Amino acid sequence: MYLMYSLRATLTLAGATLPATIAPASHAQSYPDRPVRVLVAQSAGGGTDSVARLITQRLADTLGQSFVVDNRPGAGGNVAGEMAARATPDGYTLIVVTPTHGINPSLYRKVLYDAIKDFAGVSQIVHAQYYLSVANSLPAASVKEVIALAKTRTPRLTYASSGLGSANHLAGELFKTMAGIEMTHIPYKGGAPALSAVIAGEVQLSLTSGVAVPHAKAGRLKVIAVTGNKRTPLAPDIPTVHEAGLAGYEVVGWYGMAAPARTPRTIVEKLNTPINRLLPELRERYAALGMDLAGGPAAEFDSMLIAERDKWAKVVKLSGARIE
């Protein structure tokens, strides 16, 4: 979900300066000839980390070099983002980005990089819908019933998120705005405690990951809709928010790989091509994480990053969320 600076490199051989056009071409042809660092803005063991490790393990096998995941959590992803933006654009530093890459420029008062100009999209990897999960104690079993209840209930309905400014927080804000309702946001420190709060009835609802589905099957909560523009094959019986009563609503979590701006296009394509070829082999493993395959051309991912930034800027403004 999700900086322009100037770099000059002087390459010398035996004391002589090489023409700028020779080195990049030679470098791109031999890429990768040493380990590649892949920055992840979340801690080891989380969803983003799992996405990164699955694809990087297969890239290492295919390209014959190590792809080393480097977990750099902090400041909602801005620590890793700044590191990637300032890295040498030679393909040896990459970053796995999520919707926060597009959210942070509007959410944080000071971001020391440009989420678009300082990055070159490599490929989208997977995407995952959010699941509108409702506490059993709430007398609502559909999107229309939740909206109707929110318009009449006192005190307001509450909804949990994995943290202030998180993608599912802002997905909830978009839901409120489009439905014309008010709800009280309750941030938690992560998706697991937010989901637990719904199961316990501490809050009435949340937009959660696919881990909510087994809980729904076990009768611990109700999952009444998914947030994409079409139903997910991982839970085909669950309608979308759009078809269940809130026309035009669409929010999809996504994960993709990016490189610093000015990374040679040849290197970008050397990464994009195997990623797209390898993804079908990982379908079942990503499905176990509640994720659908994405992929696609690098240019398409670049366009998506712009669209995500613009979309979330409007939602952040409406929500009034701001982090110093």
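Helices (H or I, at least four residues) and strands (E, at least two) are taken as DSSP runs and numbered from the N terminus. The model is predicted, so that local features need pLDDT of at least 70 and side-chain atom pairs count only at pLDDT 80 or more, whereas totals for chains, interfaces and linings use all residues. Residues are numbered from 1 along each chain as its sequence is written, and side-chain values use heavy atoms, with hydrogens and water left out.

A52 is located in helix α2. With a relative accessibility of 0%, A52 counts as buried, a term for residues under 20% relative accessible area, while exposed means over 50% and partly exposed in between (1.4 Å probe, protein chains only). Contact is defined as heavy atoms within 4.5 Å. Neighbours within four places in sequence aside, A52 is in contact with V40, V69 and V96. V40 and A52 are separated by 12 residues in sequence and by 7.5 Å in space, C-alpha to C-alpha.

Helix α2 (residues 47-63) also meets helix α9 (residues 265-278): their axes come within 10 Å and cross at roughly 115 degrees. This angle makes α2 roughly perpendicular to α9, the class for 65 to 115 degrees; angles under 35 count as roughly parallel, over 145 as roughly antiparallel and the rest as oblique. Axes are lines fitted to C-alpha atoms, for helices over the stretch in contact, and angles run from 0 to 180 degrees between N-to-C directions. On the α2 side the contact is made by I55, R58, L59, T62 and L63, and on the α9 side by K270, L271, P274, I275, R277 and L278.

In helix α5 (residues 143-152), the buried residues are V143, V146, I147, L149 and A150. They lie on the same side of α5 because they cover an arc of only 165 degrees around the axis, the arc being that of the directions from the helix axis to the C-beta atoms. K144, K151 and T152, on the other side of α5, are exposed. The partners of the buried α5 residues are β7 (131-135), β8 (157-161), α6 (167-179), β10 (205-208) and β11 (221-226).

A nonpolar core is a set of buried Ala, Val, Leu, Ile, Met, Phe, Trp, Tyr and Cys residues joined through side-chain atoms within 4.5 Å. The largest such core has 37 residues, of which V143, F175 and Y249 touch the most other members. The greatest contribution to this core, 6 residues, comes from α6. Another core, of 31 residues, lies apart from it and has L59, V96, I275 and Y286 among its members.
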